Amino acid sequence: MAERAALALEHVVAGYGETVVLDDVSLHVAAGGTLALLGRNGVGKTTLLKCLMGLVPVRSGQIVWRGQDITRQPPFMRASGGMGYVPQGREIFARLSVEDNLRMGMASRPAREAIPDALFELFPVLHQMRHRKGGDLSGGQQQQLAIARALVSKPKLIIADEPVSMVDASLRMSIVNLFGELRDRLGLSIIYITHDLATAYYISDRLIIMQKGEIVEAGNARA
């Protein structure tokens, strides 16, 4: 399966200290595909995404991205290789302006490259507030900034940890539709965590349900 997938995990084991959080996890995401991770809090979903980005080391197993073994790669190389990350809780830089937050997301791009106009077309509120500090934005605006910061590096894969949590219903659907547009228009692969089954079925090609660090169900979201 790994040779046909844009991203593949094979028998990954990972955790913190002596605690095993992921136990023999295997999955794949097709090029241009969207995978939703579901499960209760504490089952290992966030740890899985952090493993993908190199923030949590893999004890055993393998991660393959676009045909290359990246299991031991540091996070900055994964970002340079086309992986964009939207962390849980947004983790924006509150004292930096919106524009500077976006430039932090461009660390892997050429130094003088401008923020693409197309990004501000996707997020017009960020253009209006580009000189404001990130901490002065509303929760929904901060979520848009976190997604835009991941997109500004021009990734091939977006890894998003609960991107529609803690936002109102209207913005939630806007973000869901945005992810669908990114997949369809730009051919991005997307893997994300959600607790909303309806959202998962609406946008995803495949669903995975996790329990106690293992994948207990996996299947196609669309007939």
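**The chain as a whole**

The model is predicted. Its secondary structure comes to eight helices and ten strands. The chain has a radius of gyration of 17 Å, close to the 17 Å that the globule rule gives for 223 residues, so it is as compact as a globular protein of that length. Along the principal axes, the C-alpha atoms fill a box of roughly 45 × 35 × 35 Å.

How much of the chain is buried? Of the 223 residues, 50% count as buried. The accessible surface comes to about 10,900 Å². Carbon and sulfur atoms hold 50% of that surface.

Contacts reach across the sequence. Take the contacts in the chain with a separation of 6 or more: residues 24 or more positions apart account for 65% of them.

Charge comes next. The chain carries 25 positive and 22 negative side chains. The centres of these two sets lie 4 Å apart.

Asp-24 has a phi near 60°, a positive value in a residue other than glycine. Lys-154 also has a phi near 60°, again positive and again not in a glycine. Where do they sit? Asp-24 lies in strand E2, which covers residues 19-29. Lys-154 is in the loop between helix H6 (139-151) and strand E7 (157-161).

**A buried loop residue**

Gln-73 also sits in a loop, the one between strand E5 (68-69) and helix H2 (75-80). Is Gln-73 buried or exposed? The cut-off for buried is under 20% relative accessible area. Gln-73 has a relative accessibility of 13%, so it counts as buried.

Which residues does Gln-73 touch, leaving aside its neighbours within four places in sequence? Its contacts are Gly-54, Gln-68 and Arg-78. Pro-116 is 43 residues away from Gln-73 along the chain. The C-alpha atoms of Gln-73 and Pro-116 are separated by 28 Å.

**Accessibility side by side**

| Residue | Relative accessible area | Class |
|---|---|---|
| Gln-73 | 13% | buried |

Terms used: Residues are numbered from 1 along each chain as its sequence is written. This is a predicted model: local features need pLDDT of at least 70, side-chain atom pairs count only at pLDDT 80 or more; totals for chains, interfaces and linings use all residues. Side-chain values use heavy atoms; hydrogens and water are left out. Helices (H or I, at least four residues) and strands (E, at least two) are DSSP runs, numbered from the N terminus. Buried means under 20% relative accessible area, exposed over 50%, partly exposed in between (1.4 Å probe, protein chains only). Contact means heavy atoms within 4.5 Å. The radius of gyration is taken over C-alpha atoms; the globule rule is 2.2 Å times the number of residues to the power 0.38. Accessible areas come from the Shrake-Rupley method with a 1.4 Å probe; for residues, only the protein chains shown count as cover. Lys and Arg count as positive and Asp and Glu as negative; His and the chain ends are not counted. The place of a charge is taken as NZ of Lys, CZ of Arg, CG of Asp or CD of Glu.
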